[in-house]
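Please have a look at the sequence and the structure before I start talking through them.

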Amino acid sequence: MTEPTPADYTGPRRILSGIQASGALHLGNYLGALKRFVALQEQDAPCFLFVADLHAITVWQDPAVLTAQTREIAAAYLASGLDPKRSVIFPQSAVPAHAELAWIFNCVARLGWLDRMTQFKEKSGKHKERSSVGLYTYPVLQAADILVYKATGVPTGEDQKQHLELTRDIAAKFNNDFGVPGFFPLPEPLTQGPAPRVMSLRDGAAKMSKSDPSDQSRINLMDDADTIAAKVRKAKTDPEPLPETLEGLDARPEARNLVAIYAALADLSREQVLAQFAGQGFGAFKPRLAELAVESLAPVTAEMRRLMAAPDEIDRVLRDGAERAAEIADPIVAETKRIVGFWR
Ligand code: TYM
């Protein structure tokens, strides 16, 4: 892969991230992404947060469901505490600059780079030939999402790390190929955080995911209190009491996951959680975790429900966000096209 360009980007700092408009949001999305966006909003760099509807259609989406999911994700951004005046919240497809830059990047990225993307292998499974071409170039569109705002920081869960590395490679190759050092920044992955990889409640070795066929494997943001409590109660664990140190969780993936979830929800370190619960079994820990999960998610769920019953309010935010996003993205794409040598 290409070496980073020596000259550094010196433009303004911007934070950007997106969530796909496919399937219901779950606790992994909340802890790995949404809760962290809210914390980052307090810093001085502006945040661009979008609903990735272009990415969603890389696999079949029912059109009416896609529109509803787009509003649901926008509602989740708002209900989690993002302020639409400070952060720019918008649907990806409403800012054509994303797709335009993606085409240019399709001509910068190398087939060999995309062949290494593990997400495509996981999502296409045994039916590679029947997957959409969009699913294959998905990470190139993701690079365009980021670089069309010259974003410098990208908060995501750990599963997006490889896509971020590809984004950096594309930025570096573009800067080198066209002799424009520092034009695109090499964005930093912000995957640190208490729960960058929330695991399934049924299997400590599998990621909590929208696509897991078992609903028991995840806590959905729209689950009610009884469902959340039942899912935590039934979560897979082991018979041992909680240990005193993090090392004691090493060979216990399910226990480690529940401790990480507790820590992230309570804004504690995992060490602090163990200090509180060491020596106690899951019979004592699980009810406390269920209580904490319900307490933390109930206000978010209630506000999401309120917003989803007021689609005009959501649409106003999305329209305004799309306009403000385009104000930043359009000149960057115009400059990129000039660099490439397109007639104007
Ligand atoms: P998506 O929609 O799969 O997930 C949205 C965010 O949630 C995080 N996440 C998790 N974090 C912790 N534990 C989990 N089990 C878990 N599952 C999901 C994801 O890491 C992500 O931060 N390709 C992206 C969307 C995207 C994007 C972008 C992100 C499109 N363009 C540009 C950042 C920048 C995706 O499918 O996320």
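This is a predicted model: local features need pLDDT of at least 70, side-chain atom pairs count only at pLDDT 80 or more; totals for chains, interfaces and linings use all residues.

The protein chain contains 13 helices and 5 strands, and its C-alpha trace spans about 70 × 45 × 45 Å along the principal axes. The radius of gyration of the chain is 21 Å, which agrees with the value near 20 Å that a compact globule of 344 residues would have. Buried residues make up 52% of those 344 residues, and if we take the contacts with a separation of 6 or more, 77% of them are between residues 24 or more positions apart. As for the surface, the accessible area comes to about 15800 Å², and carbon and sulfur atoms account for 53% of that.

Now to the charges. Side chains of opposite charge can pair when their charged atoms come close. How many salt bridges does a search of the whole structure find? The search gives 16, and I would like to take three of them in turn.

In one of them, Arg 86 pairs with Glu 42, with 3.6 Å between the closest N and O atoms. This pair links distant parts of the chain, given that Arg 86 sits in the loop between α3 and β3, while Glu 42 sits in the loop between α1 and β2, 44 residues apart. Arg 86 counts as partly exposed, at 42% relative accessibility, whereas Glu 42 is exposed, at 56%.

The pair of Asp 223 and Lys 231 has its closest N and O atoms 2.6 Å apart. Are these two residues buried or exposed? Asp 223 has a relative accessible area of 12%, and because buried means under 20%, it falls in that class; Lys 231, with a relative accessible area of 2%, is buried as well. Both residues also belong to a network of salt bridges that links them with Asp 215 and Arg 218.

The pair of Arg 338 and Glu 335 has a distance of 3.0 Å between the closest N and O atoms. These residues are 3 apart in helix α13, so about one helical turn separates them. Arg 338 is partly exposed at 39% relative accessibility, and Glu 335 is partly exposed with a relative accessible area of 30%.

That leaves the single residues. Gln 119 lies in helix α6, which covers residues 118-124, and it is buried, with a relative accessible area of 14%. Leaving aside its neighbours within four places in sequence, Gln 119 is in contact with Tyr 138, Gln 160, Gln 162 and His 163.

Turning to the backbone, Lys 150 is not a glycine, and yet it has a positive phi of about 45°. Lys 150 is placed in the loop between α7 and β4 and is buried, at 14% relative accessible area. Asp 267 likewise has a positive phi, near 55°, and is found in the loop between α10 and α11, but Asp 267 counts as exposed, at 60% relative accessibility.

Conventions
Residues are numbered from 1 along each chain as its sequence is written. Side-chain values use heavy atoms; hydrogens and water are left out. Helices (H or I, at least four residues) and strands (E, at least two) are DSSP runs, numbered from the N terminus. The radius of gyration is taken over C-alpha atoms; the globule rule is 2.2 Å times the number of residues to the power 0.38. Buried means under 20% relative accessible area, exposed over 50%, partly exposed in between (1.4 Å probe, protein chains only). Contact means heavy atoms within 4.5 Å. Accessible areas come from the Shrake-Rupley method with a 1.4 Å probe; for residues, only the protein chains shown count as cover. A salt bridge is a side-chain nitrogen of Lys or Arg within 4 Å of a carboxyl oxygen of Asp or Glu.
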